[in-house]
There are 2 protein chains.
Amino acid sequence: MRSIFRHSLAGLAAAVLAFAAATAHAQPADPMPSWNDGPAKARVLAFVRAVTERGGKDYVPPAERIATFDNDGTLWAEQPMYFQLLFALDRVKALAPRHPEWKTREPFASLLKGDLKGALAGGEKALLEIIMATHAGMTTEEFEKTVKDWLATAKHPETGRLYTEMVYQPMLEVLAYLRANGFKTFIVSGGGIEFMRPWTEKVYGVPPEQVVGSSIKTKYEMRNGKPVLVRLPAINFIDDKAGKPVGINSHIGRRPIAAFGNSDGDRQMLEWTQGGGGARLLMLVHHDDAAREWAYGPKSKVGTFSDSLMSEANKQGWTVISMKNDWKAIFAPMK
Amino acid sequence: MRSIFRHSLAGLAAAVLAFAAATAHAQPADPMPSWNDGPAKARVLAFVRAVTERGGKDYVPPAERIATFDNDGTLWAEQPMYFQLLFALDRVKALAPRHPEWKTREPFASLLKGDLKGALAGGEKALLEIIMATHAGMTTEEFEKTVKDWLATAKHPETGRLYTEMVYQPMLEVLAYLRANGFKTFIVSGGGIEFMRPWTEKVYGVPPEQVVGSSIKTKYEMRNGKPVLVRLPAINFIDDKAGKPVGINSHIGRRPIAAFGNSDGDRQMLEWTQGGGGARLLMLVHHDDAAREWAYGPKSKVGTFSDSLMSEANKQGWTVISMKNDWKAIFAPMK
């Protein structure tokens, strides 16, 4: 027995050494295969190397590796308009039979006649009315089911894809790569927190407790002996622009070291992230690929990337990702 | 080489089998050594076994193993009054030189004369004034430093311990035991979210992003080119009673399967947790140990455990933990 035991130890050591030799100099698989080699990809790889290298001057302990991602236009598409708004429009149609008064009341009357432009002519007030009519008045569980049902069947008007198939493959790779390196990845979006949570875990690998977004108020009550949270027609929080650092502080309670956005709504999130000092990864997705996605910028009402944001990015050294030049693929493969 | 390799595999297999045999029937270390054997301890162990047993009828996937803990009176003590209030009173004294007007203005005038009862005679309004005067008007970073400095030196008036040494050893064991079994542990407290976050990771192993609490509003702005969040003298959210399910939904976005509290403020959290169906762990710490801690209940203004809550606990099958009978030790050892 002693001899076998000694053999086994020697053998185990030999096996370990052989395994180490075989893997030490092997080329690791490319963690970002949908990215062209270029400054944006290099920036991500260099940053992750810097903050994970033990003993390095930029080392960050795993607990503090917080990365925040905008959603609309950063993780999934946002044209011809925010997908949550398309959801709301579909809900108006579905709910119309229960609301005969909508036939003569704006913005619903125009909407139901297919006149989107007329409906939105009422500006922010009209938009808010549409949101409240479709997002409030039910329990959180009922709303979650409605979102899931819609996403399971609704198709994008131009690509014919499910909306959850309009997520950016290169960004899925960044999310996974950061998590493989000890990061906690958060979504910090102007979109509705409860519109995102039903699907972000499956689609992005981001669990509900790591989603930050805009919200309406909810109220706790007992209905037939069962506790429910009822969604009220009142804004609770707008997680956009200067609201993003507030939302980050409220939900995460520490400052990110990496932040990804694509529009003017993300500027303050990048400023706040940068303000903490130390190594930082700050990136803006630029929609400049009319052939494979959409090309838009300073003049777009959806996902505005103003000249002022571009000049700030240049001044601060934030990396602007060109979808056209930096990305080999745009959308994740259809399932 | 072939022979050595074969030996090594056989040896490795033998070693693995020997290790398995040595550990399989070993008594695992008691995860809750500060608990007396009794129904409360047995309840925790049985629940964890049930939700982690693969293939069992009560199995819960790790991502859904969410446990929420009240803080004051559940994880640390709350007598002679909430520690955050003691912090506020110390801050009034520290800030008084900058506020000469406080000498003649209530509730500050009474406070500065040492007349706490007189100061609090103004009820909720007086309390709110004290909180706003001491918790608002600075940046989030400045407030965090103030909390840390106070906790590093301030001592409890009766025990002489640091406040962070007045945490309950049996509850630290429950937190660690749940986490070792794949749970995410959250604090859901009526206390201030930013009063807790600076120390909960070190003391409880609960990171800032898993702390839910009451909050005042904050505002993002640039000060001398540096982004800051300024704390405003306006309530944002009260995470107590019916606010707890709202706070849980806002921050966590899914329903807990375990909840721990100690007072009427926790009732709705336990109801909401129970309402989801499936195996649940619902526990209330009862302060009934006048010798080793404090004994209080329905008549206490701090940490009220009303007769109505006790009867609801009995009716719903929530476990009431007797500090006197269930706990071998009360406080964590001093460091």
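This is a predicted model: local features need pLDDT of at least 70, side-chain atom pairs count only at pLDDT 80 or more; totals for chains, interfaces and linings use all residues.
1. Domain division. Chain A is split into two domains. Taken over C-alpha atoms, the centres of domain 1 and domain 2 of chain A are 27 Å apart.

2. Contact between the domains. On the side of domain 1 of chain A, 14 residues take part, and they meet 11 residues of domain 2 of chain A. The elements of chain A that each supply at least two residues to this side of domain 1 are β2 (184-192), α9 (193-204), β3 (211-223) and β4 (226-237). The greatest share comes from β4(A), with 6 residues. By residue class, the side of domain 1 of chain A that touches domain 2 of chain A comprises 9 nonpolar, 3 polar and 2 charged residues.

3. The sheet of chain A. Seven strands of chain A form an open sheet with mixed pairing, in the order β4-β3-β2-β1-β5-β6-β7. The edge positions belong to β4 and β7 (319-322) of chain A; each has a single partner strand, so one side of each has no neighbour in the sheet. From one strand to the next, the twist averages 35°. The edge strand β4(A) is also the element that gives the most residues to the side of domain 1 of chain A touching domain 2 of chain A.

4. Strands of a sheet pair through backbone hydrogen bonds, in either a parallel or an antiparallel sense. For β6 (residues 281-286) of chain A and β7(A), the pairing is parallel and extends over 4 bridges. Within this region, L284(A) has V320(A) of β7(A) as its bridge partner. Helix α2 (residues 39-52) of chain A lies across β6 and β7 of chain A, and runs at about 130° to β7(A).

5. A helix pair in chain B. Two packed helices are described by the angle between their axes and the distance between the axes. For α3 (residues 83-95) and α6 (residues 123-135) of chain B, the axes come within 9 Å and cross at roughly 60°. An angle of this size makes α3(B) oblique to α6(B). The crossing of α3(B) and α6(B) is left-handed. Helix α3(B) contributes A88(B), R91(B), V92(B) and L95(B) to the contact, and α6(B) contributes I130(B), I131(B), A133(B) and T134(B). In the contact of α3(B) with α6(B), 6 residues are nonpolar, 1 is polar and 1 is charged.

How values were computed: Residues are numbered from 1 along each chain as its sequence is written. Chains are lettered from A and ligands numbered from 1 in the order in which they are written. Domain bounds come from an automatic or database domain assignment. Two residues are in contact if their C-beta atoms, placed from the backbone, lie within 7 Å. Ala, Val, Leu, Ile, Met, Phe, Trp, Tyr, Cys and Pro count as nonpolar, Asp, Glu, Lys and Arg as charged, and the others, Gly among them, as polar. Axes are lines fitted to C-alpha atoms, for helices over the stretch in contact, and angles run from 0 to 180 degrees between N-to-C directions. Angles under 35 degrees count as roughly parallel, over 145 as roughly antiparallel, 65 to 115 as roughly perpendicular and the rest as oblique. A crossing is left-handed if the near helix is turned anticlockwise from the far one by less than a right angle, and right-handed if clockwise. Two strands pair if DSSP finds at least two bridges between them.
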